[in-house]
Amino acid sequence: MSLKDLLSPFFVWQRAFEKPYTSKRPTIDRPGAPAYRGFHINIADTCVGCGSCHEICQNHAIDMVAVEKYEGKKGDSGLRPRFDYGRCCWCGLCVDICTAASLRMSNEYAWISDDPEVFHFTAGVDEKPWQDNEHGYRRAEGYHLYPPKRIEMEMLPPEKSVMSFDEVARGYDEQQAKKEADRCVECGICVATCPAHMDVPDYIHSIRDGDYEKGLQLMYRTNPFPATCGRICTRNCESVCPVGILGEPVAIRWLKRFIVDQVDKKDYQRILNEQITESEHKVAIIGAGPGGLSAAYYLRQQGHAVTVFEAQGAGGGMLRYGVPSYRLPDDELDKDIDYIVSLGVDIRYNTEVGKDITFEKLLEDYDALFMSTGLSVPSSMRIHGEDHPRVLSGLQVLADVANGRDPGIGKKVAVIGGGNVAMDAARVSRRYGAEVTILYRRRISEMPADEEEIHESQEEGCTIVQQAIPVEVVNAETQEQVSIRWGEAEMVDDPKGGRPRPVLQEDRMHMDTYDSIISAIGQGSNLNYLPKEIQEKLAVEWGKFTPGEYQHTALEKVFVGGDFANRTADAISAIEDGHHAARGINRFLNPDAYKETEQQVD
Amino acid sequence: MNTVDEILDYAIDQEQQAADFYEDVAQRAETAGMKKILLDFSEEEKRHKRILLEVKTGEHELTPEQEVLDLKISDYLVEVEISDNITYQDALIIAMKRERAAYELYSDMAAKVPESHLKEVLEGLAIEEAKHKLFFEAEYDERVLMDN
């Protein structure tokens, strides 16, 4: 051993008296640069749990986790992002994509712990000192990873649209559809909100891939009326689309229509390729509307023999007789119906239950029964003079038009109501050359009609008088005309948080004369086909059925669905009711099969 | 009817009569759903009766100074004839009109008596009936005039 080797350990000791090169704990706090990309901040109350941060993260550093404080509800998944700082590379893409702009980054970068398991946390939920940090990375004002505005749908200009019953919305071309599909962040919040739980992200994805046949297959899993819903759906999905928080929601309805428009009707059989194994059961359905035919489709898939009894001469119910062809052309509705019929569904048109065949006979002849006869009776205003021959019902006017009859409305028309029937009655009247005034009790913003319909009716020249309450119908000077006395209303807030209520101002009354008054204030159900003792047994609340599990009623064989059995009274809810009832009827007809499955689950 | 007790007894009797009336219509109604609704109306009247009984014993106080919103829906509706196939709309119109008539009765009586405890009670009863009317009018506004 050399002398140097012997002394070297002692030389090391001299270092003990020098300034250290490393930092001592606790560290000296050196703040990050103002725009440094540090630990995440999430405004958890604003976040809707769409998971677009999770989707875009290239390092799989973000998981969406359930948080006790946030329950899943309409427009909010109830999940919140959880960050793993063993994986995060601080790129900030999650902040850039965040649909609610709730995610940002602080300029904090120091988090010291002996435990490697702690470096992941749910931002905005787990308390961290940087949650209120004002520095760090924010998305630049006006910067979006996807275009905030939707691709506009080409519409017939109003001056042209009122000249005919041609479809107003012209449809996307392929380039437009692909661009619009690219705006979807595939979060799936729409799936939870859609009454039929359509697989929206995946069928939109099929547009990106150009695989429209796959798109059609995906849609038929939950909805056998895609051509129809692609045109007139009430779009619950779009109302919660998180892309709509900072911009316009993805045009889900138009994308659905685009897929259907790409597929020829004659190819449906090949694409959907239904493999039906016949069962020994027979099911009767009353009403060939969207509810009845949806049930027919899914029951037929299970191999049951399905007979639909329809009082009218064609199928579709309100879709045909209540929705004018400028919104839903007959051939598009027929595209949906014809495919259902092609599976072997027997529709007996012009057959009214209660008149041409009794309800009891159906109960006797069939193994199960689904009723979906909708809301076909116009509600009456119950004001004096309402039985004047120049007072027409909105439903009757629309049915006349659908049947190719002149509704005989004259040239100056008042429409009473603010729902879709009122808007369509008004727009139909414009197409017959009438000057149209819509009288509505509340404000335009409170109209139950689709916003688009209200806008289009105004564009087509209908005048909306809001806060106008009709109080009396009076004879005019000639029998060809009719007068209506109406009063202005003041809106008063509902202390219980409901819609503001209109209060008539009796010192501000008006009297106007028209060629006809079209009443469209709502509809009720017609259950006259049901024998009294059957009606007794069925649960009806507020004039509607309240079905139990799987749309089952108190009667063993009877299931119900559609407008007279749900609160929303729209096509997509009726379609889901039909699908759900089909599941219920199938369980009812094959109880042993389900018992076995349930036992296996147990 | 000159004393407060007599007026209250009259009002209590009226509430009982209303409860009996709805029960009677319920017996005639064809559907189970309408029967239930009418029996609910009857229960509502019995609740009104209980309140008035409490007023009589001093457990509850009427508040004549309170202003109740008048939606004026029932004022312009045509009278309904009671039938076996009564609808929910019919039932609500009947209820609204009955409450309106009661409100007007007590209001008129209150207007005719000089300032006194009796007048206060009559005004209080009128307010109670106006509240009941508002209950049914709000229901009509919500359930029947959905699209309007």
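Q: Is E452(A) buried, exposed or partly exposed, and why?
A: A residue is buried if 20 or more other C-beta atoms, placed from the backbone, lie within 10 Å of its own, exposed if 12 or fewer, and partly exposed in between. E452(A) has 16 C-beta neighbours inside 10 Å, so E452(A) counts as partly exposed. This is a predicted model: local features need pLDDT of at least 70, side-chain atom pairs count only at pLDDT 80 or more, and totals for chains, interfaces and linings use all residues. Residues are numbered from 1 along each chain as its sequence is written, while chains are lettered from A and ligands numbered from 1 in the order in which they are written.

Q: Which helix holds E452(A)?
A: Helices (H or I, at least four residues) and strands (E, at least two) are DSSP runs, numbered from the N terminus. E452(A) sits in helix α20 of chain A, residues 451-459.

Q: What is the strand order in the open sheet of three strands?
A: Two strands pair if DSSP finds at least two bridges between them. Here the order is β2-β3-β5 in chain A, with antiparallel pairing. β2 (62-66) and β5 (120-122) of chain A each have a single partner strand, so one side of each lacks a neighbour in the sheet.

Q: How many bridges join β3 and β5(A)?
A: Three bridges link β3 (residues 79-84) of chain A to β5(A), in the antiparallel sense. D84(A) has H120(A) as its bridge partner in β5(A).

Q: Which residues contact I518(A), sequence neighbours within four places aside?
A: Contact needs C-beta atoms, placed from the backbone, within 7 Å. I518(A) contacts L392(A), G394(A), V397(A), I409(A), V413(A), V415(A), I416(A) and A425(A).

How values were computed:
Two residues are in contact if their C-beta atoms, placed from the backbone, lie within 7 Å.
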